[in-house]
Amino acid sequence: SEMCISDSTYTFMVKGSNFDGAWNPELKTLTIKIIPPFRKTIFFRILVILLAVIFTGSFFLFRMAQIRHMGIVLKQSVEDKTFELNASNQLLKEQAHELQTTNDQLLERTTELHDINALLEARQQKVEEQSEELRIQAETLRDTNTELELANAAKDKFFSILSHDLKNPFNYILGSSEILFRQFQKLSDEKKLSYSRRIYTTAESTYALLENLLTWSRTQRKKIIPEPIKLKVFDVIDQSIQILEGRMKSKEITLESDIDKNLTVFFDNNMIHAVVRNILTNAVKFTRRKGKIKILAEEAGPNTTIRFSDDGIGMSKEKLASLFLIDKTVSVVGTEGETGTGLGLILSNEFVLANNGTLKIESEENEGTTVILTVPSK
């Protein structure tokens, strides 16, 4: 049998028998003590605890030393960084001072440039003003030159008319009247009547030319100031027709007129008569024998439009373009040898413009001419 005295000590009791089965009453005992392994001994445990304490203490001391070292290093690093920051801060202060100095210098230069710019702008303004004055002077000179050219052209035209267009009619009048004077007794009544009619017709056209010349001369000297009044279109045209009735009959020209007797214009009395008379005179002059002249008047808004149309010889585009140019106007002979200077239309156009109207001419060669007179109706 076995008996456990302690965890590590065991006692064995032995009782023997023989082959006959007789047992020995005396017991034999055997004590066995089991020694525990080293790791389970108290010494080992104390050693472990001691080692653990030593390790923990060493680790603690190591960590403390390490922390102190890190503190020293960190302090040194902080001191280094602080020194660097102080140095950087000092450098930044110096740079800021330099920038401030530079900024002050730039501000001074900006102020100087602003003053210079203001001075340049003032000079530029003065130059522009001088340029504008020069431009105005140049335009004035051009206008003056144009006026002088027109004046010279007008003067040349004036003397051309005096020397040619007046000389020829007077020569004809003098020649015809001399024949009548010297050969009156020898001439037949028919010849006398013919010469007398030609002298009268020539004198009449020459007088009209002289009247136009004098009127035109006054317009060039700005001596004529329009005094517009309300006039009836029918009465104005009827008066001009009566003056030209003899010429129209001699050329067997048919006149068609469609004018409302109550239709009015706002125009200078003398000027409107001169304009209408010149327009109709040209129509009769350039209309062939047995031709036709039509007059149509109508109100269009604030204006009155009068159209004078004929089926005469018309004119070229070049002639049409130069009608109102004094230096381009040339004498054109009518269908039956009637003379003229072209001054009547120029004068008429100036009269129309002076009364806030317009004068437009449409014409084609051999297709007739239409003169469109548009003037204020009130």
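Which residues touch the most other members of the largest nonpolar core? Select V233, I237, I295, I306, F308 and L373: of the 37 residues in that core, these touch the most other members. A nonpolar core here is a set of buried Ala, Val, Leu, Ile, Met, Phe, Trp, Tyr and Cys residues joined through side-chain atoms within 4.5 Å. Buried means under 20% relative accessible area, exposed means over 50%, and partly exposed lies in between, with a 1.4 Å probe and protein chains only.

Before going on, please note that this is a predicted model, where local features need pLDDT of at least 70 and side-chain atom pairs count only at pLDDT 80 or more, while totals for chains, interfaces and linings use all residues. Residues are numbered from 1 along each chain as its sequence is written, and side-chain values use heavy atoms, leaving out hydrogens and water.

Next, colour the elements that give two or more residues to this core: α4 (233-250), β6 (264-268), α5 (269-285), β7 (292-300), β8 (303-310), α7 (343-354), β9 (358-364) and β10 (368-376). Helices (H or I, at least four residues) and strands (E, at least two) are DSSP runs, numbered from the N terminus. The largest share, 9 residues, comes from α5.

Now centre on I295. Leaving aside residues up to four places away in sequence, its contacts include I237, L280, I306 and F308; contact means heavy atoms within 4.5 Å.

A second, separate core has 5 residues, among them L180, L187, Y195 and I199. S176 is buried at 4% relative accessible area and touches Y195 and I199, not counting residues up to four places away in sequence. Then pick Y200 in helix α3 (residues 189-220), which is exposed at 56%.

For the next stop, go to helix α1 (residues 42-165) and select F55 and F59, which are 4 residues apart and so separated by about one helical turn. Their ring centres are 6.4 Å apart and their planes at 20°, so the pair is stacked. Rings of Phe, Tyr and Trp (its six-membered ring) pair if their centres lie within 6.5 Å; planes under 30 degrees apart are stacked, over 60 edge-to-face, and the rest tilted. F55 is exposed at 60%, while F59 is partly exposed at 47%.

Finally, show K192 over the face of F184, 3.7 Å from the ring centre, and K261 over the face of F234, at 5.2 Å. A charge sits over a ring if NZ of Lys or CZ of Arg is within 6 Å of the ring centre and within 35 degrees of the ring normal.
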